[in-house]
Structures are given as structure tokens and as C-alpha cells.
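Trainee: I would like to learn how to read a model of this kind, one feature at a time. Could you take me through it slowly?

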Amino acid sequence: MKLTRGAALVLGLVVVVYGALMLYPLLRVFEDSFREFIPGRIGSAANAPFTVANYTDLLHPAYVSYFWDTFRIGLISSFLGVLLAFPIAYFVARRRSDWLRRTTIGFLITLMFLSVLVRVYAIELSFGPVGFASEIARLFGETSGSRFYIEFMIVLGLLHYAVPMSALVLIGAIQNVNPRLIEAAQSLGAARWKSHLAVSVPLCARGLLSAFLVSFTLSISAFIVPMVLGRGKVMFVSNLIYNRFSELANFPSGSAVAVVMLVISLVVIYIVSRLTSGDWERAVR
Amino acid sequence: MKRLADNVLGLLVVCLSAATIAFLVTPLLIATVMSFDSRDFLGAFPPPSLSLQWYVGFFSDASYLKGLQVSLILALAATALSSLIGVAAAFTLDRYTFPGKDTLSAFFLSPLVVPHVIIGFSLLLFFSAIGVFDGWVRLIGGHLIITVPYVIRTTLASLVGIRKSLTEAALILGATERRSFWKVTVPLAKTGIAAGAVFAFAYSMDDVSVSLFLTGPDFYTLPVAMTTAMRSEFDLRIAAAAVCLIVLTIALIWVLDRVVGLDKVIGQGVYHK
């Protein structure tokens with residue numbers, strides 16, 4: 001049907017809402033990131049001179065290390081997440097609709113919906129200094145306050161979301177692999193592990209990649225997990241933005257970090273959507 | 001030899017999966033048990049005896065109660081508003097054809113790909129620049145932009161599934177445009193709308209990343225109050241609050257299962273028919 005005036009009005013109103021609450025604020029952040037920092041106000045002064053100092057500051061090794069930490073820890077947790085989720089997903093995908101399948105799917109979806117605060121608090125309570133942390137830390141030859149152990153806790157925090165999410169993405173992928181193929185490989189004499197490596201994994205490659213990239217996107221933009229579990233010793237880029245607001249009140253610098261982070265996220269998401277063409281949207285549901 | 005390797009590896013994979021599931025569940029169980037701890041300090045697991053003191057503490061703490069009240073009102077308001085906007089946008093997008101339609105749909109879904117911290121930060125700058133300091137306006141604005149895309153997506157998904165022949169049949173049988181819309185399209189899209197509303201409520205209720213930027217010392221949501229408490233005292237009232245949130249999540253998933261059916265969210269795949 002061709003667009004009527006009423007319909008155009010509805011769409012126009014929605015565009016206005018999006019413009020006011022997302023597009024314009026983001027453009028302001030972009031503009032602010034090029035303004036000189038004048039202490040003591042929220043946002044830049046309207047007549048503050050333009051500068052690229054907010055960006056060149058980010059090239060300082062101290063800042064580069066925040067980006068590096070974010071990527072390194074994000075990469076480790078998304079990789080582990082996919083690895084741990086695959087067998088669980090395989091188990092669910094190969095079952096017909098019965099109570100066990102439904103319970104597991106319900107369980108995974110509930111875990112995805114769970115508030116990040118609940119996860120973080122539960123992990124801190126279990127693995128933190130009051131939990132059985134000291135014993136686990138000793139296994140690594142560390143104390144529960146060491147940097148390694150804190151990074152380990154952040155990985156756990158990210159995995160608590162990445163595993164159920166990856167499992168749900170992989171269930172969809174594995175279900176669309178013909179089970180006869182694996183049976184054929186095994187009846188022709190391949191060992192079970194070999195048949196999985198040679199048949200299941202390559203046929204699920206897109207699913208595996210998309211699960212990995214979705215986890216990665218969400219991990220590098222994680223905020224509460226590194227904020228609480230990092231205890232100020234390990235910070236992600238998102239925490240850097242918040243610090244610019246809560247502790248330093250340096251908004252132009254925060255804006256520059258936000259612009260860089262947004263560009264990185266959009267590039268990763270662009271790659272995801274090219275690789276999976278639409279899977280991503282179903283995946284983050 | 002092959003059998004042995006297979007069995008050993010199989011056992012290893014089963015153990016690894018069991019450990020993963022245990023890792024996902026155990027912290028939640030520990031938090032639940034600890035929320036009933038009778039000690040008045042944060043001691044080691046397990047608690048020596050049980051009591052409800054942390055729940056009493058949580059529900060008699062003025063600041064938590066205020067946060068809970070703000071969160072509930074906010075989640076209801078954001079759900080109502082975003083359902084209205086989202087459903088209107090999705091129906092219009094589905095029904096009419098015009099140049100640039102795909103671009104507009106992508107634009108309407110785009111807040112999903114912007115990290116929430118950046119949305120919160122940019123809204124803080126925006127609201128401060130235009131002089132909006134009212135906590136409700138700021139929070140509803142922030143929660144709206146993160147929940148509307150979910151409503152649009154689920155509603156669009158349910159509308160795409162409706163076969164055009166059904167509305168055409170209604171029209172051929174003499175219904176007006178309007179009547180076929182209300183009698184055929186809307187009832188068939190109901191599950192999508194309801195799922196969108198459940199998503200909106202859940203995401204609004206749980207949000208911290210956006211709210212943290214838009215709240216202040218005397219106006220905050222429950223998750224913001226919990227975050228602040230976690231960074232300072234870390235007492236077990238947070239465990240009591242966490243258990244309440246777990247119960248709320250399970251209730252929402254139950255509603256989602258009733259409305260849409262969880263198996264439909266995933267699908268059965270092509271080889272399971």
C-alpha cells in the first residue's frame with residue numbers, strides 16, 4: 001500500500017523520538033570530542049576552541065593498555081564461551097521435543113534474561129574473597145587480590161552470559177546440520193571425536209563464528225562486570241567513559257573514548273552482519 | 001584403541017559440560033542460600049543457621065524501597081510507551097511501501113548495536129545541554145530508546161509471519177480495510193506485541209548502564225542502588241534483592257513461555273519435523 005499522510009506522520013514522530021534520544025545526542029558527543037576541555041561543566045562550552053588533543057591523548061600507552069585489556073579479556077571469554085557451549089548445544093539440538101530439551105532451553109533463556117547485577121554479585125560472593133576464592137587462587141599460586149585472579153573473575157563474569165547465549169545460537173546452527181552425515185562418517189569407520197571435528201564443526205562454522213562474534217561484541221562493551229569484579233584494578237573502555245563522568249568530569253575526553261568505542265563496535269557488528277546476514281538479530285534476542 | 005579414545009574423550013566432554021552447567025548454577029544457588037544467612041556479617045559459605053533478616057533489612061530500607069518503587073513505575077511506563085511507539089512503527093513499516101523503507105527499519109533497530117554506556121553518556125550530555133534535569137524525564141527517555149527496538153523487532157517478526165492471503169480473504173468477504181486490520185492482523189500479531197512488552201519490561205527493570213548516568217544521589221533505580229551498595233558495603237541485603245530479581249526473571253520467562261512458547265524462540269530445525 002502506498003504511504004498515506006497519517007502513516008507518514010506516525011513514522012515521522014518515531015523518527016523525531018529517535019533523533020532526539022539517539023542521533024542528536026550521539027552527534028553532540030562527536031562534536032564535544034573535538035572541543036577543548038574546560039573544567040567544571042557538563043559537556044563542552046559552546047565556544048570552546050576545537051582540538052584533536054582528546055584523541056591524541058588516547059595514543060598514550062596508559063590508554064592503549066585499557067583498549068588492549070578490553071580486547072584481550074573479551075577475546076578469551078568469547079572463545080571459551082563458544083568452546084564450552086558447543087557440547088551443551090549439541091546435546092540439546094539432537095533431542096526431540098521432550099521435557100529435558102524444554103527445561104534446558106528454558107534454563108538457558110532464563111540465564112540470558114538474568115540481571116547482570118545478580119550474576120556479578122553471585123560470582124563475587126562465590127569466587128570473591130569471602131567465597132572459596134582463596135582456595136582457587138592458591139591453585140594458580142596467586143592471592144584473590146592479584147591482577148591475574150581479578151582478570152579470571154572478569155572472564156567468569158563474562159562467561160556467565162556468553163555460555164548461554166552461544167549455546168542458544170549454536171542450537172539453531174546444529175539443528176540445521178543433517179544428523180545422517182555424522183552417522184555416515186561413523187559407520188564408515190571414523191572415530192566419534194574425529195567425525196565431529198571433520199563433519200559437525202565445519203558444517204557449523206558460520207554458527208560458531210557468529211556465536212563467537214556476538215559474544216565478543218557484548219564482551220567488549222561490558223560495563224557492570226568489569227566495574228564490580230575489576231575492583232578498579234582492571235578497567236574496560238566502557239569504565240573509562242564512566243570515570244570521565246563520575247570522577248574527572250572531563251566530558252570532551254569521555255566523548256573521544258565513546259566515539260572510538262562506538263566505531264570499533266560498529267565495525268565488529270558490520271563484520272558479524274556480513275558473515276551471518278541477519279543471524280545476529282535473531283541471536284541477541 | 002579407537003573405542004577407548006572415543007570413550008575417554010566422550011567422558012571428558014560430558015565432565016566439561018557438567019562443570020560448565022555447575023559453574024552457571026552454583027553461584028546463583030550460593031547467593032540464594034547466603035541471602036538466608038542468620039549471621040549479621042558477611043561470613044564464609046555455608047551459613048550456620050537460617051533467617052529472614054536480610055529480606056526484612058531489604059524491605060525496610062528506605063533507599064532500596066525508593067529505588068524499587070522508581071524501578072517498577074519506570075519499567076511500567078517505559079513498557080507502555082515503547083509498546084505504543086514500537087507497535088505503531090512496526091505496523092506502519094509492515095503495511096506501507098515507500099522508498100527508503102529498509103533504511104528506516106535499520107534505523108529503528110539501530111539502538112540495539114550502540115553500547116548502552118554510550119547511550120547513557122550521550123543522553124547525559126544532551127539532557128544537560130537542553131536543561132532537562134527532571135529524573136523521570138531523563139530515565140524514561142533513556143529507557144525508551146533501549147526498549148523500543150525490541151518491541152519493533154518482535155512485532156515486525158510476528159507481522160511478517162502473517163500470510164497476506166488472510167487479510168485478502170477478509171477483504172474479499174466484504175470487510176473494510178479497517179475491519180480486516182482489527183479483526184485479522186492485530187489478533188495474529190498479538191504474540192509478537194506481548195513478547196515485545198515482556199522484553200521491554202525486563203530490559204528496563206534490569207538496566208544499569210544507561211540509568212547510572214541519568215540518576216543522582218536522591219533519585220535512582222533499584223539496580224543503581226544495588227550497584228552503589230556493591231561498590232561500598234557489599235552486605236547480604238543485596239543477596240536478598242538478587243533473589244527477588246531471580247524470582248522476577250523466572251516469572252517473566254514463564255509468561256514468555258505461555259505467550260510465545262520458548263521452543264518457538266529457537267525453532268526445531270529442518271531435521272526435526
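This is a predicted model: local features need pLDDT of at least 70, side-chain atom pairs count only at pLDDT 80 or more; totals for chains, interfaces and linings use all residues.

Trainee: Is Ile146(B) buried or exposed, and why?

Mentor: The idea is to count other C-beta atoms, placed from the backbone, within 10 Å of the residue's own: 20 or more means buried, 12 or fewer means exposed, and anything in between means partly exposed. Ile146(B) counts as buried because it has 25 C-beta neighbours inside 10 Å.

Trainee: Which residues does Ile146(B) touch, leaving aside those up to four places away in sequence?

Mentor: Two residues are in contact if their C-beta atoms, placed from the backbone, lie within 7 Å. With that sequence limit, Ile146(B) touches Pro111(B), His116(B), Ile119(B), Tyr203(B), Asp207(B) and Val210(B). As a separate reading, the C-alpha atoms of Ile146(B) and Val114(B) are 9.4 Å apart, although 32 residues separate them along the chain.

Trainee: How do H5(B) and H6(B) cross?

Mentor: Two packed helices are described by the angle between their axes and the distance between the axes. The axes are lines fitted to C-alpha atoms, for helices over the stretch in contact, and the angles run from 0 to 180 degrees between N-to-C directions. For helix H5 (residues 116-130) of chain B and H6(B), the axes come within 11 Å and cross at roughly 145°. The H5(B) side of the contact consists of His116(B), Ile119(B), Gly120(B), Leu123(B) and Phe127(B), and the H6(B) side of Arg138(B), Gly141(B), Gly142(B), Ile145(B) and Ile146(B). For the classes, Ala, Val, Leu, Ile, Met, Phe, Trp, Tyr, Cys and Pro count as nonpolar, Asp, Glu, Lys and Arg as charged, and the others, Gly among them, as polar. On that basis, this contact holds five nonpolar, four polar and one charged residue.

Trainee: Within what distance do the axes of H3(B) and H10(B) come?

Mentor: The axes of helix H3 (residues 62-95) and helix H10 (residues 222-232) of chain B come within 7 Å, crossing at roughly 145°. Ser63(B), Tyr64(B), Gly67(B), Leu68(B) and Ser71(B) of H3(B) meet Leu222(B), Pro223(B), Val224(B) and Ala225(B) of H10(B), and these residues comprise six nonpolar, three polar and no charged.

Trainee: Stepping back, how many helices and strands are there in chain B?

Mentor: Chain B has 12 helices and zero strands. Its radius of gyration, taken over C-alpha atoms, is 24 Å, well over the 19 Å that the globule rule (2.2 Å times the number of residues to the power 0.38) gives for 273 residues, so chain B is more spread out than a compact globule. Its C-alpha trace spans about 75 × 75 × 30 Å along the principal axes, and buried residues make up 41% of the chain.

Trainee: And what does the secondary structure of chain A come to?

Mentor: Chain A comes to 14 helices and zero strands, and 46% of its 285 residues are buried. Its C-alpha atoms fill a box of roughly 75 × 70 × 30 Å along the principal axes.

Trainee: How many residues of chain B are in contact with chain A?

Mentor: 81 residues of chain B are in contact with 76 residues of chain A. Helix H1 (residues 2-34) of chain B supplies the largest share of the chain B side, 16 residues, and by class that side has 56 nonpolar, 17 polar and eight charged residues.

Trainee: Which residues in the largest nonpolar core touch the most other members?

Mentor: A nonpolar core is a set of buried Ala, Val, Leu, Ile, Met, Phe, Trp, Tyr and Cys residues joined through C-beta atoms within 7 Å. Of its 153 residues, Ala85(A), Ala89(A), Tyr121(A), Leu170(A), Ala239(B) and Ala242(B) touch the most other members. Helix H7 (residues 147-175) of chain A gives the most to this core, with 20 residues. Among the residues that Tyr121(A) touches are Ala31(B), Met230(B) and Ile238(B).

Methods:
Residues are numbered from 1 along each chain as its sequence is written. Chains are lettered from A and ligands numbered from 1 in the order in which they are written. Helices (H or I, at least four residues) and strands (E, at least two) are DSSP runs, numbered from the N terminus.
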